[in-house]
Amino acid sequence: MSLNRYEQALFDYWDKQPDERRHWQTKVVETARISGPPGEAARTLERELWEHFTERSPHVPALRELSGGGLRRVSLLNLAEHLLRLWGPPPKTRKPAVLP
């Protein structure tokens, strides 16, 4: 999985902030649990990640550098999908087909 520089900066920031990392781990599990059709969890999480990025960017130097003079919307969908695979519940296993 390849993350863009915004996604990577946010993920690296959580490595240095264990409380925020735990918060997002919990949020990922909850989002995956209550989501409906496939892909809905990732899209919901992506919107929340963007809100988090815009809220934290004025206060975190690594994120502020990316925003420069102004902040333009960037997709964080790869990060959302990565987090769901990393921290979300394991995928349901299929029952083996019964052969006659």
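**Residues, helices and their contacts**

Colleague: Which residues does Ser57 touch, not counting residues up to four places away in sequence?

Modeller: Before we start, this is a predicted model, where local features need pLDDT of at least 70 and side-chain atom pairs count only at pLDDT 80 or more, while totals for chains, interfaces and linings use all residues. Residues are numbered from 1 along each chain as its sequence is written, and side-chain values use heavy atoms, with hydrogens and water left out. Ser57 lies in the loop between helix 3 and helix 4 (helices are DSSP runs of H or I, at least four residues, numbered from the N terminus). Counting contact as heavy atoms within 4.5 Å, Ser57 touches Leu63, Arg64 and Leu71.

Colleague: Is Ser57 buried or exposed, and what is its relative accessible area?

Modeller: Buried means under 20% relative accessible area, exposed over 50%, and partly exposed in between, using a 1.4 Å probe and protein chains only. Ser57 counts as buried because its relative accessible area is 5%.

Colleague: Which residues of the largest nonpolar core touch the most other members?

Modeller: A nonpolar core is a set of buried Ala, Val, Leu, Ile, Met, Phe, Trp, Tyr and Cys residues joined through side-chain atoms within 4.5 Å. In soluble globular proteins, nonpolar side chains tend to be buried together. Among the 25 residues of this core, those that touch the most other members are Leu10, Trp14, Leu45, Leu49, Phe53 and Leu83. At least two core residues come from each of helix 1 (5–16), helix 2 (18–34), helix 3 (40–56), helix 4 (61–67) and helix 5 (77–87).

Colleague: At what angle do helix 1 and helix 3 pack?

Modeller: Tyr6, Leu10, Tyr13 and Trp14 in helix 1 meet Leu49, His52, Phe53 and Arg56 in helix 3. The residues of this contact between helix 1 and helix 3 divide into 6 nonpolar, 1 polar and 1 charged. The axes of the two helices are 11 Å apart, and the angle between helix 1 and helix 3 is about 75°.

Colleague: Within what arc do the buried residues of helix 5 fall?

Modeller: The buried residues in helix 5 are Leu79, Ala80, Leu83, Leu84 and Trp87. Seen down the axis of helix 5, they line one face, because they fall within an arc of 140°.

Colleague: What is the relative accessible area of Ala80?

Modeller: Ala80 belongs to helix 5. Leaving out residues up to four places away in sequence, Ala80 touches Ala42, Leu45, Glu46 and Leu49. Ala80 is buried, because its relative accessible area is 0%.

Colleague: How far apart in space are Phe11 and Leu79, C-alpha to C-alpha?

Modeller: Phe11 sits in helix 1 and is buried, with a relative accessible area of 13%. Besides Leu79, Phe11 touches Arg21, His82, Leu83, Leu86 and Trp87, not counting residues up to four places away in sequence. Phe11 and Leu79 are 68 residues apart in sequence, and their C-alpha to C-alpha distance in space is 8.0 Å.

Note on methods
Axes are lines fitted to C-alpha atoms, for helices over the stretch in contact, and angles run from 0 to 180 degrees between N-to-C directions. Ala, Val, Leu, Ile, Met, Phe, Trp, Tyr, Cys and Pro count as nonpolar, Asp, Glu, Lys and Arg as charged, and the others, Gly among them, as polar. The arc is that of the directions from the helix axis to the C-beta atoms.
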